[in-house]
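Hello,

Here is the structure I promised to pass on to you.

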Amino acid sequence: MTGVLVEALTLAAIYAVLTLSLNLQYGLTGLLNFGVSFFFAVGGYAVGVVHFHHWSPWIGIVAAPVAGAIAGILLAIPTKRLDDHYWALMTLGVAALFLAIMNNNPRIAGGDLGTYGILRIEPARLLPILAGVIAVVVVAFERIRRSQFGRVIRVAREDPILLAAIGRDLFRFRLSVLMIGGAVAAVGGVALAYWLTIVAPPVFSLDQTVIVWAMMIVGGRGNNYGSLVGALLLEAIFIGTRFLPDFGGLLTGTDYALLRILIVGASLVLVLMVRREGVVRESKVRYAPLD
Amino acid sequence: MLSRAIIAAVFACELALVALSFNLGYRVIGFANFAHVEFVTVGAFIALTAADYLPLPAAALTGAVVAGLLAVVLNVSIFQKLREASVGTKMIASAGVAVGLRGVVQFVWGVDPRRFAQPTRLFAIDGAQMSLIQSVVIVTAIVSVVVFSLLLKFTRIGRNVRAVADNLTLAEARGVPTGQVLNQVWFISGAMAGLAGVLVGLDTFVRPELGISLLVPMFAAAIVGGAGSPFGAILGAALVSTASTAVVSIDFGEIFGGNSFYLGSEYKSIVAFSVLIMILAIRPSGFFGEQRGRA
Amino acid sequence: MLLSIDRIVKRFGAVTVLGGVSLVAAPAAVTGLIGPNGSGKTTLFDVITGFVAKDAGRVLLDGVPLDGARPHELAHRGLIRTFQVPRVARRMTLLENLMVAPARGEGESILRLFSPFHAQRIRQDEHDRLERAWRLLAALGLERHANDLAEVLSGGEMKLLSIGIALMTDPNTLLLDEPTAGVNPVLIERILKVLAAGRDEGRTTLIIEHNIAVISEICDTVYVLDVGEIIASGSPSEVRRDERVIAAYLGRRHRERKLV
């Protein structure tokens, strides 16, 4: 039983990292990134490529956040020319293109079969590492949120024209956010790779993007702790489906997997309709009067 | 060469129906509806099940109608309630709906691909082979587009749709029952997507990933033609289909010297994705769309 | 800064919204821009501040033409404008709205934010911003909402806040679009006091206004814009008695919009 719990927490922790990244991009800065799986994939494939070519795994681990930041730059460049909603579609296209390129080029990292047999790190060891990563990210993101940088990106979220009117360059801030978001998400991708021990295109599908979006929205957009709550909550529900009665053999194992994706979609829509801010609201930054 | 052209034409017809109906919806509802491709999937599966009890044409019609009704139900229960929300929120919600729909489809019909019990008549044209299915797809698509344009141009519903698409507030002021018209648009858009699904299902397989496999090609075709321009979408579909078929038909060995070298058919999707990215990078308004992009 | 607008032309399609507008807003003075609705006043602001591209003419700051500079660059140089429908960050508090405005502090760079070498300077910067924000909030009479989200404000209060945001940037050239519309008369007095103080410090202020009392009280010079052209200029009392101005407001003069 504890084994299942630790496993669940570890997976929740991996998703928490991904969700924190998306929360920075959308919750705080208003970027409609529908291609976040591109960031995860970049991180995961850093591990995969290194493993496929039998290089030292440390190269992959160090390269991943760098690759994620570069991926962030790539997605940031089109923001200069595109409306937010067209940009959202482009991020989708870029994510799909990246996976298709990986899929069709076996010489990079195994093509459609991917690379497998990556060293498995026991959940009991992975979880504390992830907990540490999450702690660092949350502290850093909270510092960002309360800082002048955090105020500027939130103005970018609320009203880009107001941002220009107070003399700030929208592009510069979006670039920074996408680089940081990309790097953090890539780290999540690394964790995912080591958790699954497989790096292959289906791991980083559009479904992953939707799952992380659901976690962020349900948990509470704009709130870093909300991202943790969202990841835990949805992961708890996923685990819960495993323990549902099977109604006398009427439901099979695959059905539970499908139930999960249904839950993701339903929870996302429900929260948007009933309580858009999510479970944990964005908290105000308050200041006491100076005397 | 001709057989390649036929394949391209067939895919173009299928994609055109999907993209056209998407653009019709986009024009009127104002956001990119990710669930649109799932109407395609639902249409295919409903028709598949109906084909056990009905002749194929009736089954196809059933698929289309159910898809259309589903679209209306989703509008009334979900999207209508999100009317005042931002475009981004609506897009996110539609992604959730899309995923949920796919989950339901998988739950009801399972994950394995299926095929229609179909006639496999082939006939020859100019030395190439064309199957009956392929000609059915092309003919059905053309007929649908013609019927659609007639509907748009000559019926009261069509006039109302055009009025609402041009200017919602003005149409409302002129007494057009906009709520009703919106639902009519959802129905037409969903039904056309459903019909496209039946055609794709006949042409290839009926599987839950049907919709999602068309997502990016649909966006590419829709945007190339100009988001919000239903007929531009036809051009877009032709372009995407031709480009992706052409790229895998070129013998690069011949061009660069050396042995025969063709890109695998997996590269078709790469082309579609690249087209989307390129058109967004170069001309987001497409050929017939309104000038948008960053103000 | 001396703001000179020299024969600005702006067309939207077949409609000429600005047909060769020229005016001068001097430093240490408040210049008014009035005119019937739809005369092009806000469009002029948009052109001056780079939000809309002009078709002809020049905008000069201290004799230097601003050519194609982007809005945020101009704002960074001290050319600040507000909007007719006030723009504020709704899901941020009033204090945050004000604190974000002053020019680039160290805390705006991620690298410096996490660098121990800059921590002290950032702390100081935050303190200064907060202090200025509290003072301005008091001047605007909005202290009770200091830690409330801006979205709870009434329309008039939002207008005040938006003026506050503009003032926090310490502009050398300030363009206010209908600053007193919808604002409580008591608070209008406060705004005028702040504007007067800015003028005394040498600021160039150009305001679009409909309120005649405000114009009379605060403006040194007034320009009248009608259907994209300046039809009169002078002191407030001169302009008020100008026949052409009266006619424009009453609509007796019929002028067709120029077609290209």
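Two residues count as in contact if their C-beta atoms, placed from the backbone, lie within 7 Å. By that rule, 27 residues of chain A are in contact with 30 residues of chain C.

Before I go on, a word on the source: this is a predicted model, in which local features need pLDDT of at least 70 and side-chain atom pairs count only at pLDDT 80 or more, while totals for chains, interfaces and linings use all residues. Residues are numbered from 1 along each chain as its sequence is written, and chains are lettered from A and ligands numbered from 1 in the order in which they are written.

Back to chain A and the side that touches chain C. Helix H6 (123–146), helix H7 (148–158) and helix H8 (160–165) of chain A each supply at least two residues there; helices (H or I, at least four residues) and strands (E, at least two) are DSSP runs, numbered from the N terminus. H7(A) gives the most to this side, with seven residues. By class, this side of chain A has 13 nonpolar, four polar and 10 charged residues. Here Ala, Val, Leu, Ile, Met, Phe, Trp, Tyr, Cys and Pro count as nonpolar, Asp, Glu, Lys and Arg as charged, and the others, Gly among them, as polar.

Now to chain C itself. Its domain assignment, which is automatic or from a database, gives domain 1 (3–86 + 171–250) and domain 2 (89–152). The centres of the two domains, taken over C-alpha atoms, are 29 Å apart. Four residues of domain 1 of chain C are in contact with four residues of domain 2 of chain C. On the domain 1 side, helix H7 (residues 185–200) of chain C brings the largest share, three residues.

That helix also has a place among the strands: E7(C), H7(C) and E8(C) make a right-handed β-α-β unit (with the strands pointing away from the viewer, the path from the first strand over the helix to the second runs clockwise). E7(C) and strand E8 (residues 204–208) of chain C pair in the parallel sense over five bridges, where pairing takes at least two bridges found by DSSP. In this pair, C:Thr173 stands opposite C:Thr204.

How many residues of strand E7 (residues 173–177) of chain C are buried? Five of its five are, a residue being buried if 20 or more other C-beta atoms, placed from the backbone, lie within 10 Å of its own.

Best wishes

Note on methods:
A residue is buried if 20 or more other C-beta atoms lie within 10 Å of its own, exposed if 12 or fewer, and partly exposed in between; C-beta atoms are placed from the backbone.
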